[in-house]
Structure formats: structure tokens, C-alpha cells
Amino acid sequence: MTRAVPRLVCSFLTSLALGGAVTLADAGQSPSPDKTGVVLIAHGANREWNARVHAVVERVRLTMPTEPAFLMGIDDQTPQQAYDKLAAAGVEQIAVVPLFVSSFSAHAEQVKFIGGLRDDYPHAEHMKLEQIKGPVAVAGVASAMDDHAIVASILADRAQALSRDPASEVLVIVAHGPNEDDDAERWNATIERLAEQIRRDVPFSAIDVRLLRDDAPKPVKDKALAELRESVASHATRERVIVIPLLVAPGRVANQIPEVLEGLAFEWDGQTLLPDDRMADWVVAQAQGVLSTSSPSALQHNEQVVVTATRTERPLKDVPVYTEVIDAETIHSVAARSIADVLPHQAGVEIVPGFAGDTVQIQGIDGRGVLVLVDGQEVIGRISSEVDVGNLLVDDIERIEVVKGAASAVYGSDALAGVVNIITRQATRPVQLSVDQRFESLSASTTMVSAGGERGPWNAMLSASHVTRDAYDLVPDEPSTTGSELRKVGVNGSVGYQFDERTNLRVTSRYYDESAADIIATSTALRDDEVLDSRWQNIAELRTGVSDGMLTLRGHVSTYRHLLESVTRGTGVVSPDLTREALGEVEAQYDRPVGGHHFVSVGGEFDQANMRSDRISGGERDVRTAVGFVQDEWFVHDRVRLLGGVRYDHNDQFGDAWSPKLAVLVHGTDNVRLRASYGEGFKAPELKDLYFAFSNRASGYEVIGNPDLRPEESRSVNAGVEVDFWQRRARVNVTLFQHRIEDLIDTVFASQDPTTGLLTFQTANVGQVRSRGAEARIDVTPRSWLTASLSYARLDAKDLETDEPLTSRAKDSVKGRVSLRSMPTGTTFALFGRYLGRRPFADLDDDGRIEDYAPGLPLWDVRVAQDLGQRVALLVGAENIFDEQDVQYFPSQGRRVYVGATLRYDR
């Protein structure tokens with residue numbers, strides 16, 4: 001390892017210390033763990049009801065100063081009084097947490113007004129609602145319980161205590177409910193998501209959600225109570241019925257439920273959410289969410305739900321296949337324009353620029369072995385069998401999930417090294433609006449706009465982005481340009497409809513258009529080249545409950561158009577090169593719990609790919625693939641999960657392939673997780689690999705495809721440990737991995753015409769490669785205003801046939817980040833650093849040995865943002881601060897400076 005690696009580590013530690021000093025100077029005494037407080041606001045009732053809230057507060061106080069407050073308490077304190085007590089105790093910032101079931105209740109809106117998240121509230125003066133005021137900053141207001149995983153686990157335990165045989169029982173969850181019908185639909189939607197989590201742990205025959213509508217007008221309430229009684233009575237004729245309340249504490253409302261159901265057969269013990277020690281954990285998690293900076297706390301990270309690893313929703317901490325999540329805040333913090341700006345900050349993931357654009361490399365395996373998805377559907381338009389992720393703009397992205405290694409049975413071809421799944425946003429509020437505008441170096445600009453909303457059963461989101469940049473040239477005395485003049489446009493729209501509690505439909509359409517212009521100088525001519533790319537992706541997904549499980553049906557149609565126009569200066573000769581691709585897919589997947597300890601997924605898909613181009617023999621080719629897979633998640637023990645499965649692919653070009661997978665997760669303790677996985681994968685030859693026919697006689701060569709290619713096959717092993725410590729303010733993750741690929745497809749010399757001297761190259765299966773190594777990462781949140789992360793990756797990637805290293809792979813890489821936020825001033829400072837070690841670059845004399853190595857490359861980025869109120873922020877930053885660039889090894893545009901503003905509005 002070169003000296004630059006320890007220098008980078010030292011720089012980060014120094015930045016951490018200096019950053020802390022700067023923030024202390026700027027913001028006075030910045031909050032420490034015992035200087036951040038929580039105002040926990042509950043509804044309030046009689047002293048017995050309130051006492052349960054006080055008990056929760058006592059447990060939360062073991063972690064941070066906390067005071068209870070009540071909207072309607074008897075002889076208990078108001079929110080302002082709670083705030084004053086915390087201020088007197090010396091806290092320096094406060095999080096407001098509403099102890100309510102749903103964020104769509106009137107009381108939750110009242111808490112937003114009290115905490116300053118709303119400017120006003122109807123009849124606030126009459127209701128004696130006042131915004132809390134004082135010298136201590138209110139960091140924000142958390143959301144209510146909604147579909148939080150901790151709440152789901154409490155309800156699951158309440159239900160399981162009353163259960164005998166879940167498969168022959170129906171669970172009925174009863175909540176208070178709001179007055180308005182639109183809000184009632186939102187309550188139902190969030191409780192149904194809780195129900196889905198419960199069924200993963202306790203496989204009830206069905207789960208029904210009912211609202212009491214206790215404060216609604218009498219006709220509305222009477223109808224709700226009648227529907228509750230009718231539901232229980234109907235289920236009780238066929239199955240055993242268990243009824244549990246989704247209420248904060250016992251009282252008049254809880255007592256109503258057995259009264260309404262009197263005379264019916266049902267199981268009931270009246271246990272509410274309180275008392276339960278886990279509710280204190282929920283309060284801490286919500287408070288940390290408010291107090292954290294752009295990176296989520298460890299506890300939040302554990303509760304995040306992911307879908308890529310198993311193709312079913314799972315809390316991240318419970319996924320046997322190791323998955324990394326890049327959330328929207330992180331994407332925003334790096335001022336990203338495309339996915340290519342985000343992924344390089346992840347350990348073991350690199351972006352390699354080249355002829356195919358910005359392609360992904362995971363753990364030493366190039367983009368040929370990485371499956372790139374948008375909302376679970378494949379992105380088409382591969383160039384040299386790799387996807388240009390610089391074409392995937394970030395205007396509507398909620399998060400990115402990265403799965404490393406071929407360890408999931410639900411993915412086959414292209415997923416040798418892993419999967420990158422881009423999850424787009426859905427509206428969760430009646431009105432959502434965001435606008436980002438940045439002006440950058442090289443006369444560049446980035447504009448991103450999104451708008452959406454949710455009303456009743458409808459949900460819609462529309463976004464658009466526009467990116468421009470001038471060309472740049474690192475060799476001014478030559479006519480060629482180094483970097484293209486770019487224009488990128490993206491438009492994305494999605495509409496969803498919730499038919500009932502278990503059936504929803506979503507339709508998504510995404511359009512992308514890019515032009516890239518270059519000046520190309522050859523030994524004989526000067527050309528103006530322009531590449532015009534466009535992609536249109538359409539997805540329809542229907543999810544519906546069938547029997548005891550969930551059936552998902554998907555249809556996916558994508559088209560891609562790639563046009564290269566070369567105009568020779570002087571002669572004006574135009575040489576167009578047009579390629580069109582189309583992909584159609586239909587999929588079905590059925591998920592259901594089995595026997596109380598298994599969660600089984602069975603699915604199949606059929607797809608047809610078509611390519612039309614003058615560069616392939618015959619001008620047009622098709623390939624069809626049929627797939628079947630089965631996956632079983634076995635809950636062996638409370639702390640042990642096994643994920644096993646197998647995938648079968650039949651391709652009309654290369655026949656059959658089986659891909660077995662196995663992964664295990666062991667919770668050593670609540671803070672220690674062990675994961676290991678093994679998977680076999682394959683990479684089907686691309687149509688271009690099979691039928692490509694390109695001749696460049698002016699340069700003396702031609703490239704032809706090979707219809708006899710065999711698929712590449714891989715074996716992957718990953719094993720790692722993840723540890724949370726320091727009261728979950730820090731996390732360490734260490735992973736070991738090895739990937740081995742056989743029958744690697746490459747382009748090799750085939751022959752030379754003795755008369756013309758024309759060289760012929762052909763695609764072929766050439767041998768074996770191996771990539772192995774280790775990754776280590778630490779994330780730390782020592783203070784609510786300070787977060788830091790540091791990762792190191794060691795890689796050994798080589799061609800086993802020649803024993804030579806694979807090109808463009810750094811043996812050592814270090815990546816880190818420090819982020820500081822001053823709550824009183826609303827200022828955020830972030831520093832990012834990356835170091836890529838010496839990289840094999842080229843075989844200069846064609847002797848099969850790598851002689852040329854690219855030097856180590858340090859890259860630094862910085863960003864400063866200033867909040868103007870709660871909806872507007874100004875930002876300024878720079879990428880590649882020290883202007884690293886090299887025409888041969890790193891043909892970057894150099895330093896990129898930008899200024900901009902963002903607007904966020906939710907209602």
C-alpha cells in the first residue's frame with residue numbers, strides 16, 4: 001500500500017477533530033448525547049392512562065433527557081412546560097416525538113404545529129394550542145408510529161400470545177381512526193403494511209384492519225362499528241378469530257371493542273402498545289431520526305425495509321444476503337446528477353469510464369457481471385455488454401440497494417457479481433414538490449423537478465431532469481476533444497391505485513434522451529461524432545392477496561435506440577450507425593408463509609429481446625428466455641435464518657442453466673450479525689457477442705460475433721460480521737469475498753487476410769478469472785451533529801490463465817466521509833475523500849504481461865449547504881478539489897465547482 005493511504009486516513013481523523021472544533025466555535029457548545037432532549041407528546045387522559053406514558057419516559061431517560069407532554073392531560077404538563085424543563089436542564093437541542101398511532105391524525109398535525117413544522121393550525125387559539133418557544137433549538141418533529149417495524153413486532157407478540165394455529169386463524173386489528181374519509185384510507189394503508197410485517201412472523205390465514213372512527217359524526221362511527229362487528233361475525237363462522245387493539249393505552253376507547261363484539265366468538269385480552277419496553281426503543285429511534293444528519297443512525301438503518309436481496313420486503317437487519325442501502329439524503333449530499341456520481345462512494349464499488357460510458361465494477365468484477373435494475377426491472381441498452389449508469393439520472397430516486405455476489409435465487413443472467421437496484425419514489429403526502437437547480441463548471445447545469453401527491457386510493461409522481469455540459473480538452477494542441485459536449489433529459493411518471501386492503505396496481509413510465517458530441521482526429525481525417533441515445537421503459541405491477549399469500553404480476557416493455565453519426569470534415573461524408581433494441585418481459589411471483597417457520601417464494605418469467613442493427617449478421621436477431629425459481633426463507637430460530645433457493649433458465653440460444661444459492665444470517669446478540677452466502681451464477685452471451693459484425697477497413701480490422709459462445713459461469717462466496725456498539729452510535733462491518741468466473745467472454749485475434757492484411761477479431765470463451773479480497777467499514781455518529789464513515793477494500797483480481805492482474809482494478813482503496821451540521825444556524829458541511837491505489841492499465845508490447853500501471857489517485861469533494869427556513873436550502877461545493885486529471889489514466893474534466901438551491905414542500 002502506498003503512503004497515500006495512511007495519509008488519507010490521517011486526513012479524515014484530522015478533519016473529524018477540526019470539524020468538531022469549528023462547529024463548536026460556530027454554534028456555541030454543540031450538543032453532546034446528554035445535551036439533546038426529547039419532548040414526548042401524547043393525547044392524554046386520566047392519571048392511570050398518563051402514568052403509562054410516564055413509564056415510557058423513564059426508560060427513554062436512560063438514553064437521553066426526556067419530558068412528557070399532553071394535549072389533553074389531567075394535571076399534567078403542556079408541551080411548553082416540558083420544553084421549559086428540558087431547557088432548564090441544559091439541553092441544547094430538542095426533538096419532538098408524537099406518541100400517536102398515525103401521522104394522518106388531526107392530533108399529529110397539531111403536534112407539527114406545536115413543534116414549528118406547520119406555520120398555523122385551524123382554530124389553534126380556540127383549542128389553546130401554542131407553538132413552543134425558547135432559547136433551545138427544536139431540531140424537528142418525528143413521524144408517528146405508522147408502519148414502524150418495532151410497532152409491528154409488538155403487535156405480532158400480542159397476537160401470537162392468543163394464537164394456537166395461525167394458519168387456521170384470522171387476526172383483526174382495531175385502531176381508533178380519524179374523522180375524514182381520506183385520512184381513514186391512509187390509516188388503513190399504513191396498518192395494512194404493519195399487517196404484512198406481522199404475517200411474515202406469524203402466518204395468519206388473513207389479517208383484517210378495522211377503524212372505530214370514535215370521534216367522527218355519529219353516522220360515520222355507527223357504520224364503522226357495524227362493519228367491525230360484521231367482519232368478526234363473518235370470519236368466526238369459518239375460522240378462529242383473534243382481535244387486538246392498535247391503541248396507545250387502555251381506556252374508554254379500548255373498552256368499546258369487546259362491547260361492540262359482545263355475543264360473538266373471538267379471542268381478546270385487551271393488551272395495548274403500552275406497557276411494553278420496546279416503545280421506549282421506538283421513541284429513541286424517532287428522536288435519533290430527527291437529530292441525525294444526512295446519514296441515518298444505526299438503529300434507523302436496521303429498521304429500514306429492503307426488497308432486492310430476497311425480492312420480498314424485509315427489515316435490513318433480517319436479510320441473510322448482505323445488502324447496502326444508499327438513501328435519498330446521501331444521494332442529495334453528494335450533489336449527484338446520475339447514479340455514476342453516487343456509487344463510487346461505496347466500499348467495493350467503482351465506476352470505470354470508457355467506451356461504454358460510466359460502468360459499474362463490484363468487488364473487481366466489471367459491468368458484464370452486474371445486473372442493473374430500476375424498480376426490479378432490467379435496464380437495457382448495454383454497450384460492450386455493460387450498462388452506462390451515467391444515463392440513470394437521480395431526480396426521482398428514493399434509494400439504491402446494492403447486493404454483492406451471486407447469492408440470490410431470483411436473479412440469473414448478468415448478476416454474476418451482484419445487483420444494483422434503483423428504487424423510485426412514491427408519493428406519501430397529499431402534495432409533494434421538490435426543485436433542485438445547480439450551475440456548474442464548463443457552463444454546465446443540472447435541473448431536477450418532481451411533483452406528486454396521494455389522494456384516496458390514488459398515488460402519483462412526475463419528475464423531470466435536464467443536465468448539460470460543454471466539451472473539454474486535455475490536449476489543447478490536438479483537434480480532438482477529451483470529454484463530450486453533453487445534453488441529458490429524463491422524464492419519469494408513475495400512477496398507483498389501491499383497490500382494497502390487499503390489491504394495488506402501479507404503472508410506471510421512464511424516458512431518457514442523451515446527445516454527446518465529440519471531435520475525433522484519426523491519421524487520415526477529422527470527424528465530428530454525435531451519439532444520440534434514447535431509452536423508454538414501461539412497467540405495470542399488480543399485487544393482490546391470494547389465499548394466504550401475495551401474488552405479484554409484472555409486465556415490462558423497454559426500447560432502446562443508439563445512433564452514432566460521424567461526419568468527415570472536408571468531404572461531408574455522413575456515416576450513420578443505428579442500433580435498436582427491445583425487451584419484453586412478463587413475470588409472476590407468489591409469496592406465502594408456510595408452517596409457521598418458512599416463507600416461500602415461487603416465480604417464473606418469460607422475456608424476449610430483439611436487436612436490429614447493420615452491425616449484426618442478418619440485420620435482426622431475437623433471443624427468448626424462460627425462467628423458474630423457488631426460494632425458501634427458513635426461520636430456524638429466533639436468531640438464525642437460512643435463505644435457500646434455485647433458479648432455472650432456459651435460453652433458446654444456449655440451452656439450460658441451474659443456479660443454486662444459499663445464505664445464512666445469525667444474530668449473535670442484538671448488536672452482532674453474522675452473514676455468509678454462496679451462489680452460482682451465469683452470464684448469457686449478449687446478442688452482440690453472438691452476432692456482432694463490424695468492419696473498420698480504414699483502420700485495418702473487423703470484429704465478428706460467435707454464435708457458439710457458452711455462457712460465463714461464476715461461483716461466489718461472501719462472509720462477514722456486522723457489529724453495533726457505543727450505544728448504537730457506531731457500526732463496524734467486515735466482509736470477505738471471492739468470485740470465480742469460468743468461460744470468460746472476450747474479443748481475441750482470429751486471423752489475418754494474407755492479401756489485404758485485414759485483421760479479424762472474434763468473441764470467444766477465453767478462460768478463468770478470480771477476484772477475492774476483503775472490505776471493512778466503520779460508521780460513527782459520536783454526536784447528533786457529527787457523522788463520519790471510513791472504509792478500506794483490499795482486492796486481488798487476476799486472469800488465472802495468464803496469472804496477470806485484471807486491468808483497471810486498484811489493489812487498495814480507501815473511502816471516507818465527514819458530515820457536520822449546526823442545528824442553530826442550519827448549516828451543513830460535508831467532506832468526501834477517495835483514494836484508489838495503483839491500477840494495472842495496459843499490455844504495451846502485446847506479450848501478455850501488464851507493464852503499464854496507473855498511479856494512485858486521491859479525490860476530494862466538499863459541500864456546504866445552508867437552510868433558509870424549513871423548505872429552502874442554498875448549496876455550494878466542489879468535486880475533485882485538487883483538479884486531478886490525466887489524459888491517459890484519468891481523463892476527467894477536473895475540478896467541478898457548483899452552486900445551487902433546493903426547494904422541498906410537503907403538505
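**Entry 1. Salt bridges**

I began with Glu440, which is buried at a relative accessible area of 9%. For burial I used these cut-offs: under 20% relative accessible area is buried, over 50% is exposed, and anything in between is partly exposed, with a 1.4 Å probe and protein chains only. I noted that this is a predicted model, where local features need pLDDT of at least 70 and side-chain atom pairs count only at pLDDT 80 or more, while totals for chains, interfaces and linings use all residues. Residues are numbered from 1 along each chain as its sequence is written, and side-chain values use heavy atoms, with hydrogens and water left out.

I then looked up the partner of Glu440 and found a salt bridge with Arg438, the closest N and O atoms being 3.8 Å apart. A salt bridge here is a side-chain nitrogen of Lys or Arg within 4 Å of a carboxyl oxygen of Asp or Glu. Arg438 is also buried, at 4% relative accessibility.

Next I checked Arg821, which forms a salt bridge with Asp867 at 2.5 Å between the closest N and O atoms. This pair links distant parts of the chain, with Arg821 in strand 39 (residues 812-822) and Asp867 in strand 43 (residues 857-868), 46 residues apart. I took helices (H or I, at least four residues) and strands (E, at least two) as DSSP runs, numbered from the N terminus. Both ends are partly exposed: Arg821 has a relative accessible area of 21%, and Asp867 stands at 25%. I also noted one network, in which salt bridges that share partners join Arg337, Asp341, Arg438, Glu440, Glu879 and Arg896.

Arg399 and Glu398 meet through their side chains in a further salt bridge, 2.5 Å from N to O. Arg399 is buried at 8% relative accessibility, whereas Glu398 is partly exposed at 33%. By the rule above, I get a count of 51 salt bridges.

**Entry 2. Helix 7**

I looked at helix 7 (residues 218-236), which has 19 residues. From first C-alpha to last it reaches 27 Å, close to the 27 Å expected at 1.5 Å a residue; the expected span is 1.5 Å times one less than the number of residues.

Which residues of helix 7 are buried? I list Lys221, Ala224, Leu225, Leu228, Ser231, Val232 and His235. They cover an arc of only 120° around the axis, so they sit on the same side of helix 7; the arc is taken from the directions from the helix axis to the C-beta atoms. I reminded myself that an α-helix has 3.6 residues a turn, so residues three or four places apart point the same way. On the other side of helix 7, I found Lys218, Pro219, Lys223 and Glu230 exposed.

The buried residues of helix 7 pack against strand 5 (169-175), strand 6 (206-211), strand 7 (240-246) and helix 8 (252-260). Contact means heavy atoms within 4.5 Å.

**Entry 3. Helix 4**

I found helix 4 (residues 106-114) mostly covered, with seven of its nine residues buried. These are His107, Ala108, Gln110, Val111, Lys112, Phe113 and Ile114. They pack against strand 1 (36-42), helix 3 (79-88), strand 3 (93-98) and strand 4 (137-141). Gly116 follows helix 4 and has a positive phi, near 90°.

**Entry 4. Gln346**

I located Gln346 in the loop between helix 11 (328-333) and strand 11 (349-354). Gln346 is buried, at 7% relative accessibility. Leaving aside neighbours within four places in sequence, I find Gln346 in contact with Glu324, Ile326, Arg777 and Lys815. The C-alpha atoms of Gln346 and Arg834 are separated by 9.9 Å, although the two are 488 residues apart along the chain.

**Entry 5. Backbone angles**

Most residues other than glycine have a negative phi, and most peptide bonds are trans. I looked up the exceptions below.

- Arg213 is not a glycine, yet has a positive phi of about 55°; I place Arg213 in the loop between strand 6 and helix 7, where Arg213 is buried at 9%.
- Asp803 has a positive phi near 65°; Asp803 is in the loop between strand 37 (786-799) and strand 38 (804-805) and is partly exposed at 48%.
- Leu274 and Pro275 are joined by a cis peptide bond, with omega about 5°; Pro275 is in the loop between helix 8 and helix 9 (278-291).
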